[in-house]
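Let's take a walk through this protein together, with the model open beside the text. Keep your viewer handy so that you can pick out each residue as we come to it.

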Amino acid sequence: MYTLQHAYYNEVTEQGTMRPTTFSDWNRCLWMSLCCWFGGLHGTFVTRSARPNIVLLMADDLGLGDLSCYGNNTLSTPNIDRLASEGVRLTQHLAAASACTPSRAAFLTGRYPVRSGMASAGDRNRALPWLGASAGLPSNETTFAELLQRCGYRTGLVGKWHLGLSCVSRDDHCHHPRNHGFDHFYGLPFGLLSDCQASGTPELHRGLRVRLWVSTAALGLVPVLLLVPKLARWLAVPWKVIVGSALLAFLFFAGWYSSYGFVRRWNCILMRDHEIVQQPLREERVASLLLKEAVDFIDRYKRGPFLLLLSFLHVHTPLTTRDKFVGRSKHGRYGDNVEEMDWMVGKILEALDREHLASHTLVYFTSDSGGRLEAQDRGAQLGGWNGRYRGEARRPWRLRSRHCGARLASPSRERVGKCCLQVFT
């Protein structure tokens, strides 16, 4: 069995010196590895006229122990289980980071996130906290979407991006997915937070916001304490001091509330390519819109080859779930959200089957990181389960490929549904 790992290696030349592996080298290794892994090496190879379609399904903070095919007998995930039974299930597939931004940067580029500047030493901003920040995936980083574009693929990203948007001005969109190899983008340039709900509990920098409110209250109390002795004629406090302290308290409040008080408007937007479709987005409908867009993309480019990255908003808080799935699981809001995501995976597989693309499409399901064990609301668990003694870096991974190109034989019967213990990153 052949394995593919996304680290970049150095090669030894005939003269004995080391040279860095180029992206063209990596591209060749990628396709050869895909051919070996998914089709078996039986003397046949993928040609340029027989390029498989690629569908990548990425969950958001899904725990390793939250799926039936990984031993959970209390949640129903038949469609994801189908991928496992028809393909390969890895048990040692590791994310490059336990937060969205660095993990997704590594996923797209095949490089450790610290090499592209997408990792933070601090704990507060391990992921990009603001859509308006002049930070994001650098333009000189090459993603697998760009490599596939050069090979004639139509590429699309539907769902969460969370790798930056603009640099100098709000409209330059230098970090936009369109500048990183995707022909089409429909989704959230940031992501979904509890702040995106009008009545949701604040999630972004919650501890910092509490301290800011306390500081604002303390500053606002100063002019009141000065005004009382002034009116009671106990002390001759100048009006300039009272007004000045009140103005200082107001400016302090306005300075931070202009950002944190409007997170829903600044961060929670829905875009189609470079156009803002909803601001703020209506979180109760966004999952349906993303699913429809993904199915339409498959139908639009069914003559292929195409790359579709469907980046789910599930199962990140606030766990917005449509009514038909509410209360269906044994695990509250989180379980309902997992089962809705599984239903969406089923709709994607149905679209592939309906267009007779299943035998010519690589389907890959994973999560950007493991479950958020610390996510709770009023004592209710809102995060997933990674297993005993396992951190957020371990993630579920399933892959199905009946053919890797038209000339590759289907995986042998004994390989289908098997586990692989190799360490993947």
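Predicted model: local features only at pLDDT ≥ 70, side-chain atom pairs only at ≥ 80, totals over all residues.

Let's begin with the aromatic rings. The count of aromatic pairs comes to 14. Take Trp161 and Phe182 as an example: their ring centres are 6.4 Å apart and their planes stand at 85 degrees, and because an angle over 60 counts as edge-to-face, that is the label this pair receives. Both residues belong to the loop between β5 (154–160) and β6 (184–188), yet 21 residues separate them, so the pair links distant parts of the chain. Trp161 is buried, and Phe182 is buried too.

A second pair to look at is Trp213 with Tyr257. Here the ring centres lie 6.1 Å apart and the planes meet at 70 degrees, so this pair is also edge-to-face. Trp213 sits in helix α5 (residues 206–231), while Tyr257 sits in helix α6 (residues 239–260); the pair therefore ties together parts that are 44 residues apart in sequence. If you follow the ring pairs onward, you will find a cluster made of Trp213, Phe253, Trp256, Tyr257, Phe262 and Trp266.

Now turn to the surface. Leu221, Val224, Leu225, Val228, Trp234 and Leu235 make a nonpolar patch of about 650 Å². One of its members, Trp234, is found in the loop between α5 and α6. The relative accessible area of Trp234 is 65%, and since anything over 50% counts as exposed, Trp234 falls in that class.

Our last stop is Met271, in strand β7 (residues 270–272). Its relative accessibility is 1%, which means that Met271 counts as buried. Which residues does Met271 touch, leaving aside those up to four places away in sequence? They are Leu165, His173, His176, Phe185, Tyr186, Gly187, Pro189, Ile276 and Val277.

Terms used. Residues numbered from 1 in each chain as written. Heavy atoms only, no water. Phe/Tyr/Trp six-rings, centres within 6.5 Å; stacked < 30°, edge-to-face > 60°. Helix = DSSP H or I, 4+ residues; strand = E, 2+ residues; numbered from the N terminus. Buried < 20%, exposed > 50% of the residue type's maximum accessible area, 1.4 Å probe, protein only. Patch = residues over 30% accessible without salt bridge, like charges linked within 9 Å, V, L, I, M, F, W, Y side chains within 5 Å. Areas by Shrake-Rupley, 256 points an atom, 1.4 Å probe, with all protein chains shown as cover. Salt bridge = Lys/Arg side-chain N within 4 Å of Asp/Glu carboxyl O. Contact = heavy atoms within 4.5 Å.
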